[in-house]
Amino acid sequence: MTVKTMHTPEVKELLNKVAGLDQSGGNDRVKQIVHRLVHDIFQIVEDFDVTPEEFWSAVYYVSGLGQNGEAALLAPGLGMDHYLDIRMDAEDAEAGRTGGTPRTIEGPLYVAGAPISDGFARMDDGSEDAETLIITGQVTDERGQPIADAVVDIWHANTQGTYSYFDPSQSEYNLRRRIRTDAEGRYTARSIVPSGYGCPPEGSTQQLLNLLGRHGQRPAHIHYFISSPGHRHLTTQINLAGDEYTFDDFAFATREELVVEANRIEDPSQAEQYGLNGPFTKLVFDVQLVATDAAELQERHPRQRALEGESA
Ligand code: MBD
Ligand code: FE
């Protein structure tokens, strides 16, 4: 079948009515975007001669995606989060806002309101028999001046690649902490070495990735929000070097500058410095923030997040 109907007055009128273009109420921006969206879906049906069976399987795919809560997981898998980063990078470049540690995607697994402390935090609850990881670094401005009292909000997965809150078997805020930098801009966390993340094998996201011949794996990684008054909020993450997926991340979050080596430290005097009594793994992630007066650039952009706006 090669019928072409998109150009007909009947379809044009249908699209106009679908998007409420013949109505005075509603929201013009939503109308324009829905018009384009439905038009493009119709166009795909025409161009690829999509059968009713294919069409309805797509509709019920979206339905299942919502039912298992994976819409915000499919999005990074389809490069959408990274595409928004590409746009923000391009906007920054155009506005002359260059420098500083690069951003990369937030992902769907942040939980607001993690415990906050000064200079140091222990992030793990001790429930896993895992390699201890010291995460430390300095927050500076672009001239290398330390930024004291910056809030470093860190979250990462456990040894199974799962995150507290989303994995109800973990304790509240396990592997989630906020640390205020000290007078030298330094922060230190004691945690455990995380494992990479894998999409639920039976979930909607992996189901589509399979049809694309793609895996649903992320390398071991650690998420950061870093903020300080007078500086641009930074959403970023580090990917651990040497992971099979460091440069093959299904969510496209890896950036060369954000690949960090975690090193085994056997030196007892270093262990003692962190109150540890044996070998451990350590990584250093220094962050450069960019100064800005614009209030809206000093905060993370609004989006739905777990427990956002619910407590301190
Ligand atoms: C993650 O841990 C993550 O960071 C992203 C972006 C997607 C899925 C799981
Ligand atoms: Fe993650």
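Tyr173 sits in the loop between E4 and E5 (strands, E, are DSSP runs of at least two residues, and helices, H or I, are runs of at least four, numbered from the N terminus). Its phi is near 60°, a positive value in a residue other than glycine.

Asp149 has a positive phi too, at about 65°, and is not a glycine either. Its place is in the loop between E3 and E4. For background, most residues other than glycine have a negative phi.

## Ground rules

Residues are numbered from 1 along each chain as its sequence is written, while chains are lettered from A and ligands numbered from 1 in the order in which they are written. As this is a predicted model, local features need pLDDT of at least 70 and side-chain atom pairs count only at pLDDT 80 or more, whereas totals for chains, interfaces and linings use all residues; side-chain values use heavy atoms, with hydrogens and water left out.

## Overall build

The protein has seven helices and 14 strands. Its C-alpha trace spans about 80 × 45 × 35 Å along the principal axes. Of the 312 residues, 43% count as buried. Take the contacts with a separation of 6 or more: 71% of them come from residues 24 or more positions apart (contact means heavy atoms within 4.5 Å).

The domain assignment gives domain 1 (9–73) and domain 2 (80–297), with bounds that come from an automatic or database assignment. The C-alpha centres of the two domains lie 37 Å apart. At the contact between them, seven residues of domain 1 meet ten residues of domain 2.

## The iron site

Tyr163 (OH), His221 (NE2) and His223 (NE2) coordinate the iron ion (ligand 2), at 2.0 to 2.1 Å. Donors here are N, O and S atoms within 2.8 Å of the metal (3.2 Å for Na, K and Ca), and water is not among the atoms, so sites may look incomplete. In sequence, the donor residues follow the spacing Y-x57-H-x1-H. Tyr163 lies in the loop between strand E4 (151–156) and strand E5 (176–180), and His223 in strand E9 (residues 221–227), so this pair ties together parts that are 60 residues apart in sequence.

Tyr163 is buried, with 3% relative accessibility. His223 is buried as well, with a relative accessible area of 3%.

## Cavities

There are two cavities of 30 Å³ or more in the structure. On a 1 Å grid over the protein atoms alone, a cavity is a set of points where a 1.4 Å probe fits but cannot get out, and lining residues have an atom within 4 Å of a point. Points are joined across faces, edges and corners, and a volume is the space filled by probe spheres set on them. The largest cavity has a volume of about 110 Å³ and is lined by 13 residues, of which Leu73, Pro108, Leu109, Tyr197 and Arg218 lie nearest its centre. Helix H4 (71–77) and E9 are the elements that give two or more residues to this lining. By class, the lining of the largest cavity holds nine nonpolar, three polar and one charged (Ala, Val, Leu, Ile, Met, Phe, Trp, Tyr, Cys and Pro count as nonpolar, Asp, Glu, Lys and Arg as charged, and the others, Gly among them, as polar).

The second largest cavity holds about 30 Å³ of space. Its lining consists of Asp124, Asp125, Gly126, Ser127, Glu128, Asn174, Leu175 and Ile192, which split into two nonpolar, three polar and three charged residues.

Thr140 lies in strand E3 (residues 132–140) and is buried, with a relative accessible area of 9%. Not counting residues up to four places away in sequence, Thr140 touches Gln145, Pro146, Ile147, Val287, Gln288 and Leu289. Glu266, by contrast, counts as exposed at 53% relative accessibility, and is found in the loop between strand E12 (263–265) and helix H7 (268–273). Glu266 and Gly278 are twelve residues apart in sequence, and 7.3 Å apart in space, C-alpha to C-alpha.

Arg300 belongs to the segment after strand E14 (287–288) and is partly exposed, with a relative accessible area of 27%. Leaving aside neighbours within four places in sequence, Arg300 is in contact with Tyr110, Ala112, Asp153, Phe225, His233, Arg305 and Glu308.

Key:
Buried < 20%, exposed > 50% of the residue type's maximum accessible area, 1.4 Å probe, protein only. 1 Å grid on protein atoms, 1.4 Å probe; cavity = no way out; pocket = protein on both sides within 12 Å on 5 of 7 lines; lining within 4 Å.
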